[in-house]
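Please open the model in a viewer and keep the selection panel at hand.

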Amino acid sequence: MTHSIKTASCAILGLALLLPGEGAAQVAPASSTGLTISGFISATMYAQNQPFGLFTQGQAANTAPPVERTEDRWFHGGDVRNTRLSLRFFREQDDDWITSATFEVDLFGGFASNEPFGDEMPIPRLRLAYADLSNGTTTLRIGQMWSPSFGAVPNSLSHIAFPLGYGSGGVIGWRFPGIAVHHTLASGEDGPLTRLQVAALAGSWSHVTGGAGPTFPSAGEAGLFPQLEARLDVAGEAEFGAWNAYVVGHIDQKDPDGIGVDGGQDPLTGTALEVGGKVVPGPVTLQGNLYYGQAVGQLLAAITQVGDYDGVGGWAQIGYRLSDRVSLWAFGGMDDARDGGATLPVGARDKNQILSAMFRYDLPGYSMGLEWLNANTDFVGVAESTSATQISVSVFYAF
């Protein structure tokens, strides 16, 4: 649920409170501008029988650790890092054009310190920051946005910023600065709603010898070949209920030598193909996604590993609504990082499988959920897979 503020005075007040000193003097007349504030509070209390690997614990748990604990296994914790704030500013222009901007943050930027109070002070991080120029049919988007490869998202109250299976069970895609065009091919009045997205996004890869850190260009940014993606979405209504489907293609090129160096290494080309969709026949929801990718670890493919590896993954989820307030959900996802043009090193994640079940209770703008999550991970050079289990209770309040 969102609340739109339509007057200039309220827009200026909102800017002053949320973004001190930024742009308040540039607000246009009340009849043509607006500010939408939305977001949610998310809190999870959890118990785990192992520390999870990859993304950390709690609301980010997705893979098992390389080595299982054998003694004193269970521990508990609390996590509020899913909590999110989104601001959308918009202004009507001449000739039916609208300009708008989106700014979104959550709390997954790490912790303030390793001291006893550090885990109660998560650091905000930027998620989205882009501006749109739109006439209702075509939108030009510039800034940091989701890549088109970020498709359907599994239903969960504990795993939102890091969805179930994200980078670990078939869910891929990430946020990058770039330029994108969204165009509606068919409005849906006489058939399915059809939309096309094309995007040129900043390159991304590991840092090469000679420089490191966010200010030094990575191998993905070396050269002039960006990440290119195209996505086709189709949605409609049938006798059995609503449905949608999408297909995404990706290509990029990395320079393993980095900038200013001719080390003789060939460019590394990354490619990916992804399909997914959802059907909602009555009280049932069925959704899922499949992908195949080569050297696209920057999209969190190949179990979020950077290298010339094949990544193959997929997930499926079924939900059943018992009433307007009560629903049951089951999820299964798998990601397999196979050897491609390079060999997975010892200790690398070879395969990951996730199972999850959720009991969900909904009120308008408010939800509670009880969830069980289990991850099983195979590592190269390790004889047996490791396992980790989480049980959680979450609350979600949208505003």
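With which residue does arginine 231 form a salt bridge? Select arginine 231 together with aspartate 233: these two form the salt bridge, and their closest N and O atoms are 2.7 Å apart. A salt bridge here is a side-chain nitrogen of Lys or Arg within 4 Å of a carboxyl oxygen of Asp or Glu. Arginine 231 and aspartate 233 are both buried, where buried means under 20% relative accessible area, exposed over 50%, and partly exposed in between (1.4 Å probe, protein chains only).

The model is predicted: local features need pLDDT of at least 70, side-chain atom pairs count only at pLDDT 80 or more, and totals for chains, interfaces and linings use all residues. Residues are numbered from 1 along each chain as its sequence is written, and side-chain values use heavy atoms, with hydrogens and water left out.

**Confidence**

Colour the protein by pLDDT, the predictor's confidence in each residue, from 0 to 100. The average is 90, and 90% of the residues score at least 70. Next, select residues 1-31, over which pLDDT stays under 50. The model has 46 contacts (heavy atoms within 4.5 Å) beyond four places in sequence for residues 1-31. Where pLDDT is low, the predicted coordinates should not be read in detail.

**Further salt bridges**

The structure holds 11 salt bridges. Select arginine 127 and aspartate 106, whose closest N and O atoms are 3.3 Å apart in a salt bridge. Arginine 127 belongs to strand β6 (residues 125-134) and aspartate 106 to strand β5 (residues 98-106), so the pair ties together parts that are 21 residues apart in sequence. Strands are DSSP runs (E, at least two residues), numbered from the N terminus. Both arginine 127 and aspartate 106 are buried.

Move to aspartate 132 and arginine 141, whose side chains meet in a salt bridge at 2.8 Å, N to O. Aspartate 132 counts as buried because its relative accessibility is 11%; arginine 141 is buried at a relative accessible area of 18%. Then select Glu104, Asp106, Arg125 and Arg127, which salt bridges with shared partners join into one network.

**Nonpolar cores**

A nonpolar core is a set of buried Ala, Val, Leu, Ile, Met, Phe, Trp, Tyr and Cys residues joined through side-chain atoms within 4.5 Å. Select Phe52, Phe162 and Tyr166, which touch the most other members among the 22 residues of the largest core. At least two residues of this core come from each of β11 (241-254) and β17 (366-379). Finally, display a second, separate core of 13 residues, including Leu128, Met145, Ala272 and Leu299.

Terms used. Helix = DSSP H or I, 4+ residues; strand = E, 2+ residues; numbered from the N terminus.
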